[in-house]
Amino acid sequence: MENKNKYAPNSILDVNQYKFFDLNDEFVLLDPHFEKLFYSCQESLKSFDLSFKKDIPFFKMSLARCPFCNTLHVVKYGFTKRILIFKEIGRTEVRVQRYSCKRCDKTFQTDLSALVDKNSNFTNELKSESEHLISDYLGSLKNVCKSFKKFFGISISHQTIENWLFVDENILEFDLGRCSGYYVFDVEWIKIKGKWKYRHTLLDSVSNCIITDAIYDFEDETTVMKFLKESTANKNKIAITTDLDKRYAPIISKLGFKHQLCIFHTKKSLNKQLKDYSKRFKLSDEEYEVCKNQLEMIKNLFDLDDYDEAKKEFESLIYRKNEFHNVIYEIIRKSIVPRYKSFIYHLKDSKIERTSNKIENAFQKTMPKSRKKTFKTVQGVLKRIYRRDLIWNQNRKEDFENQQSF
């Protein structure tokens with residue numbers, strides 16, 4: 001008599017049976033606990049099979065093949081007990097099938113890397129959930145821990161979650177698609193284990209998104225050149241706005257960018273120079289007041305909105321020595337005239353950012369001053385920056401899209 005598979009209606013199957021096929025050959029689980037576990041593993045079931053034996057989930061290879069010699073001549077060789085923590089059902093004991101190869105005599109077990117990382121109890125699905133929660137809570141790891149406890153009944157330390165987000169690259173790059181070619185660059189200091197390091201950041205000034213972030217030991221010309229060259233490779237190159245650091249000018253020019261100097265920093269620098277000169281030359285109160293008024297007139301030139309007019313005014317300053325106090329003329333000669341073109345590029349192209357305020361704001365949001373001295377490793381800094389940068393970019397993209405829709 002020919003043997004045929006027989007299928008039973010769902011209604012007459014015993015309630016303790018956890019794996020079976022119905023009349024349509026579809027997988028059915030009667031226990032809600034194991035149903036959740038099955039669906040948690042569903043994305044990974046191409047790599048292995050899942051069954052249930054005596055209320056215990058059992059993982060085995062879909063096709064038993066030796067990873068060492070690639071033969072199919074393998075036999076079962078016991079199992080390994082593991083504790084896995086799933087998002088929906090929490091801590092669960094499972095068994096992982098082991099095998100022995102008849103050809104090379106080596107033993108191995110079912111590969112669960114699609115479900116859980118090596119030497120980890122937390123499933124990849126659970127780790128992915130942490131990224132969504134971090135985005136919701138703007139990077140607060142303590143709030144993420146509370147959410148895991150509240151919604152899933154799982155206790156996880158904030159250090160464990162931070163370890164999941166480990167970043168070992170020295171430079172972080174973000175795929176923003178096509179960059180505008182207009183950038184803002186700046187460097188901020190971060191103290192790591194008692195030593196100052198330098199965070200180099202490049203921001204697209206049109207989308208206001210961070211393109212690249214990196215931590216270096218130095219802020220010298222070689223490091224800045226390396227960072228900007230790598231960050232802008234294969235990208236549009238039009239203009240970069242920076243603060244007044246004189247080391248940047250030859251680097252940015254060599255890379256083929258127009259160099260716009262921050263107007264905000266320029267005005268602050270002029271005020272500071274006046275105070276320094278006042279102390280050096282021991283100006284009287286009357287002289288200081290005259291210099292202050294003359295400097296204010298010069299600072300107003302930075303607020304002109306016509307390129308040709310501004311160019312004409314700045315070029316004329318060097319020929320008006322008799323109109324200014326000696327201190328003010330010295331400031332004009334050393335700090336304004338040699339670099340005046342870099343102050344007014346934004347008047348010729350409105351997309352060029354006139355200040356570096358955008359990147360200063362990004363620094364405050366992604367690395368507040370209260371946190372700049374609390375790290376022990378570069379990786380610790382990069383982990384925080386990476387998560388904060390992702391959140392910053394996502395929010396800026398939404399703002400940019402909303403502006404485009406109006």
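Author: Two strands are said to pair if DSSP finds at least two bridges between them. This is a predicted model, and the part to look at is strand 11, residues 209–216. Seven bridges join strand 11 to strand 10, and the two run antiparallel. One of the residue pairs here is His-200 with Ala-214, the latter in strand 11.

Strand 10 and strand 11 form a hairpin, with four residues between them. In that turn, Asn-208 has a positive phi of about 65°. Most residues other than glycine have a negative phi.

Strand 11 also pairs with strand 8, residues 171–173, in the antiparallel sense, over three bridges. There, Glu-173 has Thr-212 of strand 11 as its bridge partner. As for cover, eight of the eight residues of strand 11 are buried; buried means under 20% relative accessible area.

Lys-193 is not a glycine, yet its phi is positive, about 50°. Lys-193 counts as exposed because its relative accessible area is 69%, where exposed means over 50%.

Further along, the loop between helix 5 (221–231) and strand 12 (239–242) contains Asn-234. The phi of Asn-234 is positive too, near 60°. With a relative accessibility of 85%, Asn-234 is therefore exposed.

Note on methods. Residues numbered from 1 in each chain as written. Predicted model: local features only at pLDDT ≥ 70, side-chain atom pairs only at ≥ 80, totals over all residues. Heavy atoms only, no water. Buried < 20%, exposed > 50% of the residue type's maximum accessible area, 1.4 Å probe, protein only.
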